[in-house]
Amino acid sequence: NDEGYQPDYNSFYGGDIKGIKDKLDYLEDLGVTIIYFNPLFEAKSNHKYDAVDYMKIDPHFGTNDDFKSLVKDAHSRGIKIIIDCAFNHTGETFWAFQESLKKGPKSKYYDWYEWKKWPLPDKYKISSLKDGSFKPIDYYECWWGFGHMPNLNFDFSNPNQAENNIKNIELADPNWEVVNYILDVSEFWIKEMDIDGFRLDVPNEVPFWFWKLFNERVKSLKPDAYLVGELWSNAVDWVNSDYYDAVMNYAYFKDPVMRFFNSRSCNAKTFNKDLIQGLHTYPTQATQVMMNLIDSHDTFRFLESCNGDIKRLELAVLFQMTYVGTPHIWYGDEIGMMGGHDPDCRRPFNWLYEQSEKSTKLRNHYKKLISIRKQYSSLTTGKFKTILTDGMTYGFEREDDQSKMIILINNDTKRNNISISVDDGKYIDLLTGSLYETKNGFLDIQADLMSGLILKKDM
C-alpha cells in the first residue's frame, strides 16, 4: 500500500501520548475541537479493548501523568478529550479474572464473571488448545466467544444476554461489586484525568439500568460530559436524558452517505429520505451532537471503498461539515489515507503527507470546511430544510438569526443546471468566493460535475 505499512493484530508501531501532545499544533491548525481516543488502558493487545487495568494508561503509550499533561494542553487550546471504554468485558489478564481463574469459587472475584465450569483444563491456553478442543465459552461467558475477553456479570438474576434489556433496576439483582467498581472507574477518568466524556463500546451488551447509573455519576461530576454509544442501528431507546447524549451515527449518517456519495447506489431523493428518518427519530438536542462519521476503526476507510476517488470524499466531507450533527474525522482521512478491513484501516498516520500535492490539497479542503462550519452557527445549530432532490443533485438550507446558508451538491458525473427559488439578492459561495445573483426569485447555477457550493446570502 501507499504508506508502506500493513498492520496486523500484533503490530506495535510506537505511537504514544507524548507524540500526540507534540502534534496538537497540527490538530489545532486543522480546526479539531474534540479528540476521541480508542482505548488507552493497559492491555495485552494492540487494540486495548481487553483491559488489564482500567485506571492505568498502557505503558506502550506512556504514564497517567503524560496523559494528564496532554489533557491540560488540549484544554488550553479549546480541545476536549473523550476516551473509548469497553465495560461489557475485561481482558483475561485483568486482575479479577486472573484471581478467579486460579482460586475458583474461593476467590472474592469469582462472581464478577459468569462461570459455567471450573477449573479450566490443565493445559489451558487462552488462545485455545493445540487440537482446538478447548472452547472458552464452554467454561465462562466471553465476548462473542473470544476467550481473552471474559464478560463481566452485572446481574445475578439473569444470564448474560437476558440482563441487557432490563431498564428497571427493580427487576434486576445488581452485582454491586462490579457496578460500583465501573462507576468508580468513570469517576477516576472525569475527576483525576479531567476528560470530557466517554465513547462506550458494545453498549447494547450491558444492562440499560447500569447506563442510567453511569450517566448519573458522570453528569454529577461534569454536567456537560459527552456520552456517546457505539450502536450501529436505530438507537432511540438509548438516546435520551437517562442514558446517552448521542450515538455513532452509522444508521442515519454513515450508511446513507456511503450509498449516495461513495457507492453512488441511490439518488438524492432516497438519500434525503434516509437522512430525514434520523432527524425525526432523535430529539433535536441529540441530532446536533450525533457523532457523524464516514468511516472508523471498525470499517474500510472511505477512500478505500471508492478506489481512491478523492472527488467522492471531497463531496461527502462538504456534506458532513454542513449537515446537522458533529462531524467525526477518522485520523488520516484528511490526507487521503487508504485502508481495508480492520486492522488495515488502522495504519500509522503518514507524516510525509506534505510531499504529496494530493494529500495537502485534501487537507486544505477539510481545513476550509471546518473553519466555515465554526464561523457560522447556522451550520451547527441552525434549522435544516431540504430544498432540492433531483436525480443526483441535492440541496438544503441551514438557517438561524445570524445567517442563512444554501448548500448545493451536484453528485453527478456530468454538469447540471440547478435552478432554485430563493429570496432575491446576491449569494456568495464561501468555498470559491464566486458571486451569484437571483433573477425573478430564482438562482440559476451551472454546477460542475461532482461539485458543491456553500452559498451565503450577501446581507
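At what angle do the axes of helix α7 (residues 250-262) and helix α11 (residues 310-320) cross? They cross at roughly 140° and come within 10 Å, with axes fitted as lines to C-alpha atoms over the stretch in contact and angles running from 0 to 180 degrees between N-to-C directions. This is a predicted model, in which local features need pLDDT of at least 70 and side-chain atom pairs count only at pLDDT 80 or more, while totals for chains, interfaces and linings use all residues. Residues are numbered from 1 along each chain as its sequence is written, and side-chain values use heavy atoms, without hydrogens and water.

**Helix packing**

- The angle makes α7 oblique to α11 (under 35 degrees is roughly parallel, over 145 roughly antiparallel, 65 to 115 roughly perpendicular, and the rest oblique).
- On the α7 side, the contact (heavy atoms within 4.5 Å) is made by F253, V257, F261 and N262; α11 contributes R312, L315, A316, F319 and Q320.
- By residue class, the contact of α7 with α11 holds six nonpolar, two polar and one charged.

**Aromatic pairs**

- The count comes to 55 aromatic pairs, a pair being rings of Phe, Tyr and Trp (its six-membered ring) with centres within 6.5 Å.
- The ring centres of F384 and F396 lie 5.2 Å apart with planes at 35°, so this pair is tilted (under 30 degrees is stacked, over 60 edge-to-face, and the rest tilted).
- F384 belongs to strand β10 (residues 383-390) and F396 to strand β11 (residues 393-399), 12 residues apart.
- F384 is buried at a relative accessible area of 19%, and F396 is buried at 0% (buried is under 20%, exposed over 50%, partly exposed in between, with a 1.4 Å probe and protein chains only).

Methods:
Helix = DSSP H or I, 4+ residues; strand = E, 2+ residues; numbered from the N terminus. Nonpolar A, V, L, I, M, F, W, Y, C, P; charged D, E, K, R; others polar.
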